[in-house]
Protein chains: 2
Amino acid sequence: MIKESVINELIEKGKVARIAARKLAFTPTTIKNKALANIAKSIIDRQGEILSANTKDLDYAKSSGIDKSMLDRIMLSPSRLEAISAGVRKIIALPDPIGEMYDLHLAENGLQIGRKRVPLGVIGAIYESRPNVTIDISALCLKSGNAVILRSGKESINSSVLLAHIAQDACDQSGLPVGAIQIIESTDHALVNHMLKMRDMIDLMIPRGGASLIKLVRENAAMPVIAGGIGVCHTYVDKDADLDKAVAIIRNAKTQRPSVCNALDCILIHENVIKTYLPVIAAKLAKDKVELHCDEISMDILKPIASLNLVKAVEEDWGKEYLSLKASIKVVTSLDGALEHIEKYGSGHSEAIISENYSTAMRFINEVDAASVYANASTRFTDGEVFGLGAEIGISTQKFHARGPMGLREVTSYKWIIFGDGQIRG
Amino acid sequence: MIKESVINELIEKGKVARIAARKLAFTPTTIKNKALANIAKSIIDRQGEILSANTKDLDYAKSSGIDKSMLDRIMLSPSRLEAISAGVRKIIALPDPIGEMYDLHLAENGLQIGRKRVPLGVIGAIYESRPNVTIDISALCLKSGNAVILRSGKESINSSVLLAHIAQDACDQSGLPVGAIQIIESTDHALVNHMLKMRDMIDLMIPRGGASLIKLVRENAAMPVIAGGIGVCHTYVDKDADLDKAVAIIRNAKTQRPSVCNALDCILIHENVIKTYLPVIAAKLAKDKVELHCDEISMDILKPIASLNLVKAVEEDWGKEYLSLKASIKVVTSLDGALEHIEKYGSGHSEAIISENYSTAMRFINEVDAASVYANASTRFTDGEVFGLGAEIGISTQKFHARGPMGLREVTSYKWIIFGDGQIRG
């Protein structure tokens with residue numbers, strides 16, 4: 001049973017955030033940038049405190065027998081803090097999206113009608129073990145004029161709470177409203193469900209973490225959610241593919257950073273080239289220690305080759321996000337077969353075709369329904385910075401509001417502004 | 001207890017719509033326009049059938065003692081059918097939003113990265129008694145490449161079902177996919193709740209009707225909702241207002257069409273001009289038979305004047321959408337007082353200031369948080385056509401995805417498209 005005082009504290013934070021958001025919406029860029037500069041500086045100035053809070057988290061994690069990769073995600077170091085600080089300074093350099101007027105046009109009756117970009121209001125962020133998310137999200141929300149309520153995973157609660165307080169202190173010194181950046185200090189799990197119901201106080205919820213967190217938020221949030229981060233990514237090797245490009249792109253997409261959402265999960269390959277191309281691709285992946293989950297036809301082709309790490313694919317392999325050095329292989333008889341497979345098993349994140357045939361490549365680009373669709377390039381490029389957004393608050397696999405990498409502009413709304421001179425409607 | 005066969009039929013419609021949506025996404029503009037032309041023609045060609053289905057609805061409505069304004073909403077006539085048909089022809093003339101590529105830029109590594117506009121997929125529309133909504137929504141969805149599942153109120157079910165079938169027949173003749181336009185024929189109320197849970201089959205839900213329908217959909221839909229249509233609209237008469245503009249604009253906003261969402265509900269007036277301006281404004285509104293719900297100060301000013309229709313305002317008058325010839329009056333001591341009142345009681349629809357003072361007007365434009373904010377013009381202008389969108393699928397009072405009047409572009413999404421030449425990530 002959750003304590004009433006904890007729920008009241010949460011509601012109080014929501015009210016304070018609402019008031020802060022109203023003020024933040026008109027805060028000049030110079031003040032927001034000053035606050036960001038203060039945050040960047042404080043992270044370095046107060047690194048002793050931060051690292052000792054982080055030690056508490058690490059000690060607790062070790063004592064509860066958490067695995068190595070999780071420990072790595074929790075861990076902060078002087079160089080990691082420098083990287084977090086540098087990330088904040090980069091956001092200072094980005095243009096402020098708020099206040100821009102656009103689509104202005106003069107109506108026949110003399111009305112000047114257009115749109116003006118405004119913040120969404122209050123953003124809720126629920127994340128897991130990485131304490132750097134505290135600062136990343138806070139800085140992006142602040143620059144885009146949104147107040148933020150953070151909820152960190154318990155594994156990094158000491159680090160995250162301190163980082164959030166440091167960020168709020170920096171805001172206070174810069175004349176930003178109280179409550180621009182707030183964090184929930186209780187780690188009571190039941191609190192998340194209360195937070196997800198606060199539709200009147202939180203305008204958008206951003207979950208950052210594994211599939212179960214995202215599912216929980218999607219299914220229970222009363223406010224809009226930007227969910228994403230789950231990437232079941234295919235690369236289709238067409239019969240008209242260039243072999244060198246196919247090898248380089250597949251290798252890059254699978255092995256350059258296998259633990260991320262835009263890494264390759266499934267190779268689709270046209271039957272015309274399975275005898276010529278597939279052994280070359282498989283051999284290259286074997287050098288990188290990739291385990292291949294093969295359908296029947298590809299297994300028949302690859303089985304005779306020594307030194308490959310082959311597994312017979314089962315139904316669960318299709319549509320699986322491996323996040324490790326594993327990939328499935330499926331043979332298709334046509335572009336349509338590839339499109340159907342992607343439609344059935346893809347997660348709408350990043351999909352690629354390798355083909356020198358113009359019409360085939362264009363059909364793939366046009367017909368695949370995913371946030372990012374590539375011709376002859378690695379799916380690893382799906383990223384806010386690469387796509388020219390300057391920074392990334394998340395990757396949406398939804399179609400509503402924002403799709404794919406989300407930058408500052410993607411956490412804004414607009415209002416219609418109308419400049420008149422006494423006009424009335426006839 | 002709802003019949004299982006009815007639920008199965010609904011699910012079947014959802015599946016068919018999903019398949020139709022995939023095809024509609026790549027249907028060329030010429031085919032979509034041909035289907036729209038067929039719809040426009042069929043409505044005229046088959047008006048005998050339509051009017052006799054409408055007579056059934058009217059007979060049923062009369063026998064159940066429905067009020068006059070409701071009967072008027074249900075009623076079709078040759079001239080109304082001509083207007084519906086003309087509306088469809090107008091949508092033919094609008095540019096197709098789908099397929100447009102934009103924001104393309106060349107990355108340093110030679111990747112061409114940009115966005116391409118795509119449909120949302122399947123749109124659900126739940127509406128009340130106006131059968132014309134069947135065709136309006138269907139035509140807008142078709143042009144924007146979205147499949148639609150319609151759910152009409154039972155008062156106009158015969159008219160709506162026939163109109164939807166006529167639209168689908170017209171689509172069939174034009175080579176559009178089966179299931180582009182579908183309507184739920186059962187009027188079982190419980191079916192709405194099933195429809196609202198079909199997140200996998202319906203990408204966006206648009207409720208069109210009164211406050212209780214919108215509340216039901218907002219609170220129960222598992223998919224995104226574009227809710228709107230509730231307008232509690234204020235016009236603030238500043239101390240620096242031009243009296244002639246104030247009188248003309250307030251009169252227009254209140255009386256030109258009082259039953260719509262962008263009509264005026266509350267006059268806020270600066271205390272400096274209550275003795276000079278308020279009697280003039282009130283006298284003009286009295287001529288139009290407007291009932292004025294006055295706060296204490298304005299009552300003291302207006303009471304001595306004969307021929308006014310005054311009522312003492314109660315707390316419920318603030319934040320009330322009258323939809324009739326009634327308006328509330330509240331005296332404020334400053335622009336800030338007006339802003340606070342609007343923040344507390346406004347519904348985020350349309351708000352206006354009357355002022356000749358540049359800084360006051362600009363502060364109002366910048367600080368009011370509503371879908372449409374006016375300086376020196378009537379709130380009655382909030383409309384997709386007036387705002388240059390060509391047509392209107394609804395007015396959103398949300399900040400997420402689309403705000404204010406929504407045209408064709410506002411029921412689309414985008415995908416990122418990346419043209420490469422073998423690029424891999426370093």
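1. The axes of α10(B) and helix α11 (residues 278-287) of chain B come within 10 Å of each other and cross at roughly 35°, and this is a reading of a predicted model. The crossing in which α10(B) passes α11(B) is right-handed. On the α10(B) side the contact involves Leu243(B), Ala246(B), Val247(B), Ile250(B), Arg251(B) and Lys254(B), which meet Val280(B), Ile281(B), Lys284(B) and Leu285(B) of α11(B). Sorted by class, the residues of this contact are seven nonpolar and three charged, with no polar ones.

2. Helix α2 (residues 29-45) of chain B has a packing partner in helix α7 (residues 157-173) of chain B, and here the angle is about 135° while the axes are 8 Å apart. The two helices, α2(B) and α7(B), are therefore oblique to each other, and α2(B) passes α7(B) in a right-handed crossing. From α2(B), the residues Ala35(B), Asn38(B), Ile39(B), Ser42(B) and Ile43(B) meet a set in α7(B) made up of Ile166(B), Ala167(B), Asp169(B), Ala170(B), Cys171(B) and Gln173(B). This contact of α2(B) with α7(B) divides into seven nonpolar residues, three polar and one charged.

3. What angle does α2(B) make with helix α6 (residues 132-143) of chain B? The two pack at about 165°, with their axes 9 Å apart, and that angle makes α2(B) roughly antiparallel to α6(B). The crossing of α2(B) and α6(B) is left-handed. Lys32(B), Ala35(B), Leu36(B), Ile39(B) and Ile43(B) form the α2(B) side of the contact, and Ile135(B), Ala139(B), Leu142(B) and Lys143(B) form the α6(B) side. In terms of class, the contact of α2(B) with α6(B) contains seven nonpolar and two charged residues, and no polar residue. A reader comparing the lists will find Ala35(B), Ile39(B) and Ile43(B) named in the contact with α7(B) and named again in the contact with α6(B).

4. Turning to the strands, one open sheet of 10 strands with mixed pairing takes in both chains, in the order β1(A)-β2(A)-β16(A)-β13(B)-β12(B)-β7(B)-β8(B)-β11(B)-β9(B)-β10(B). Its edge strands, each of which pairs on one side only, are β1 (101-106) of chain A and β10 (310-312) of chain B. Neighbouring strands in this sheet are turned by 25° against each other on average, with direction ignored.

5. Where the sheet passes from chain A to chain B, strand β16 (residues 412-423) of chain A pairs with β13(B) in the parallel sense over five bridges. Within that pairing, Gln423(A) has Ala377(B) of β13(B) as its bridge partner. Elsewhere in the sheet, strand β9 (residues 291-294) of chain B runs parallel to strand β11 (residues 326-332) of chain B, the two being joined by four bridges, and Leu292(B) stands opposite Ala327(B) in β11(B). Helix α13 (residues 335-345) of chain B lies across β7 (233-237), β8 (264-270), β11 and β12 (350-354) of chain B, and its direction is at about 135° to β11(B).

6. A second open sheet of 10 strands, also with mixed pairing, has the order β10(A)-β9(A)-β11(A)-β8(A)-β7(A)-β12(A)-β13(A)-β16(B)-β2(B)-β1(B). Here the edge strands are β10 (310-312) of chain A and β1 (101-106) of chain B, each pairing on one side only, and the twist averages 25° from one strand to the next. In the chain B part, β1(B) and strand β2 (residues 112-119) of chain B run antiparallel and are joined by four bridges, with Ile113(B) in β2(B) as the bridge partner of His105(B).

7. How many residues of each chain take part in the contact between chain B and chain A? The contact joins 50 residues of chain B to 50 residues of chain A. On the side of chain B, α10 (243-255), α14 (358-367), β13 (372-377) and β16 (412-423) each supply at least two residues, and β16(B) gives the largest share, 11 residues. By class, this side divides into 26 nonpolar, 15 polar and nine charged residues.

8. Finally, chain B can be laid on chain A with an RMSD of 0.0 Å by a turn of 180° and a shift of 0.0 Å along the axis, and the two copies are thus related as by a two-fold rotation axis. The C-alpha of chain B nearest that axis belongs to His401(B), at 1.9 Å from it. Because 100% of the interface residues of chain B are also interface residues in chain A, the copies meet through the same surface.

Definitions and conventions:
Residues numbered from 1 in each chain as written. Chains lettered and ligands numbered in written order. Predicted model: local features only at pLDDT ≥ 70, side-chain atom pairs only at ≥ 80, totals over all residues. Contact = placed C-beta atoms within 7 Å. Nonpolar A, V, L, I, M, F, W, Y, C, P; charged D, E, K, R; others polar. Pairing = 2+ DSSP bridges. Axes fitted to C-alpha atoms, helices over the stretch in contact; angles between N-to-C directions. Left-handed = near helix turned anticlockwise from the far one by under 90°. Least-squares fit on C-alpha atoms with pLDDT ≥ 70 in both. Parallel < 35°, antiparallel > 145°, perpendicular 65-115°, else oblique.
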